[in-house]
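Morning, everyone. Please bring it up.

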Amino acid sequence: MEARHPLEPLSPVELERVIKLLKAGNDKVTPTTRFVSISLREPPKEKILNPTNELLSREADVVLFDNGTNSCYEASVSLEGEGSILSFEHIPGVQPTMTADEQVECEQAVLRSVEFQGLVREHYGVNDINLVMVDIWSAGYYGKEEERTRRLARPLCFVRSDPTDNGYAHPIEVEVIRIDQYKHYPLPPLNCNYSSDRVTDTRQDIRPLEIIQPEGPSFQVNGNQVSWQKWFFVIGFTIRQGLVLHNITYDNRSVLYRAALSEMVVPYGDPAEQQARKNAFDCGEYGIGSCTNSLELGCDCLGHIKYFDGNIFASRGELLVIKNAICLHEEDYSILWKHTDRRFKKPEVRRSRRLVISSIATIENYEYGFYWYLYQDASIHFEIKLTGILSLGTLSPNVKSPYGPLIAPQLYAPNHQHFFNMRLDLAIDGSKNTAYMIDIEA
């Protein structure tokens, strides 16, 4: 087996080691401290692009949050030898990413609230609190002192008619910071379930489509290093960004040093109190990596698949592994080139094939599919596929909203947008390509 590439993500053993070192070596890490993110501190770019015989050290960057003191900390840890804490710094006045178990705890806190139970019973006739579905959104900062000084979440609430109902079809129009009810509308009456056992008008005229590669795939994998055709790259994964591609080369020539989604924001364009605060920064506030799906053969990917796990952790430091977080496979992609010589009536055709590296994240109501495509003509494409369920709003009977279409009686879809910011660290033929500005005197 080849040596491990220095850009490969932290292994489960390394993650556990980082957590152990911080718990044992710093009195600021207490039972109320949460581990928000642990990621590889990537070595300097020039040492990757211009390698020597120097053995690069493995280090980790860590973000922590102490609920007991409302304090955020950043740490760096060396994994060399017995390991050591290189730095540990308090970062005042900030709130780091919301952890997955915080979202679960927040939902349970809402459902346990006697005041909330009384509200949904009185206004919506809901006697079984387990039928209420609570999506946890970030609170944001809108100038209130409690938003600046406290770690807050903003639950959006929906009610199911039964435990398997599509709750998004029945929004409860309340905002929960304390309990503020802006308007009281009856629940939308129409059931809008999407599960396969309840949808009766699915297509029945599609026959099986099988993709087989009897000699196996054309790619080679060593750890997280991938070679395919003339391409080489390293697959990474972080709790904030999810899928990351490192050190992409073509025919041994550097092309792209690092490629990942750095942030995405989803602002809603309805000034109503319930909708106006829906502005989700999904990377920074939730973490794409922690929301990543475990993929299944024949459902999310087709063909001869190589999966990569996503190694993360719960906020109290327990190791979590997202099985099959990243999918690698080949696809036939129509023709790459064709020509027919009319004189000989002999067509020549070359099929095109592409390599697909993908992952899918569920962030409450939406699913985002992230797809990197490498082609035989040395091109790279990136695609985001948006699917899932709309985050809806409730209206009074016979009322329409100017800020979103009515999709069912008393149910509308607020207008909103999805903005994605990609960070592409290009390294075309290395890192020395520089644009110079020169003053030329007349």
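Salt bridges, then: the count comes to 23. The rule is a side-chain nitrogen of Lys or Arg within 4 Å of a carboxyl oxygen of Asp or Glu. This is a predicted model, so local features need pLDDT of at least 70, side-chain atom pairs count only at pLDDT 80 or more, and totals for chains, interfaces and linings use all residues. Residues are numbered from 1 along each chain as its sequence is written, and side-chain values use heavy atoms, with hydrogens and water left out.

In general, side chains of opposite charge can pair when their charged atoms come close.

E8 and R4 meet at 3.9 Å, N to O. I'll call a residue buried under 20% relative accessible area, exposed over 50%, and partly exposed in between (1.4 Å probe, protein chains only). E8 is buried at 6%. R4 is partly exposed at 41%.

Next, E59 and R41, with 3.7 Å from N to O. This pair links distant parts of the chain, 18 residues apart. E59 sits in strand β2 (residues 59–66), and R41 is in the loop between β1 (33–40) and α2 (45–49). Helices (H or I, at least four residues) and strands (E, at least two) are DSSP runs, numbered from the N terminus. E59 is buried, at 18% relative accessible area. R41 is partly exposed, at 35%.

E263 counts as buried at 17% relative accessibility, and R240 as partly exposed at 37%.

There is also a network. Salt bridges link R34, D101, E102, E105 and R151.

Now helix α4, residues 114–124. Which of its residues are buried? F116, L119, V120 and Y124 are. Seen down the axis of α4, these buried residues fall within an arc of 90°, so they line one face of the helix. The arc is taken from the directions from the helix axis to the C-beta atoms.

What do the buried residues of α4 pack against? Four elements: α3 (100–112), β5 (132–138), β6 (153–159) and β7 (171–172). Contact means heavy atoms within 4.5 Å. The face turned away from the buried side carries the exposed residues V114, E115 and E122. Just after α4, G125 takes a positive phi of about 65°.

On to an annotated site. At Y366, UniProt places the feature "modified residue: 2',4',5'-topaquinone", from an unreviewed entry. A caution on that: UniProt positions are given in the numbering used here, feature names are shortened, and annotations may be inferred rather than shown by experiment. Y366 is in strand β17 (residues 366–375). Is Y366 buried or exposed? Y366 is buried, with 8% relative accessible area. Leaving aside neighbours within four places in sequence, Y366 contacts Y268, A361, L386, T387, G388, I389, L390, H416 and H418.

Then S227, in strand β9 (residues 225–228). S227 counts as partly exposed, at 27% relative accessibility. Again leaving aside neighbours within four places in sequence, S227 touches S218, F219, Q220 and F232.

Last, the whole protein. The secondary structure comes to seven helices and 22 strands. The C-alpha trace spans about 75 × 70 × 65 Å along its principal axes. Of the 442 residues, 45% count as buried. Among contacts with a separation of 6 or more, residues 24 or more positions apart account for 58%.

That's the tour. Questions, please.
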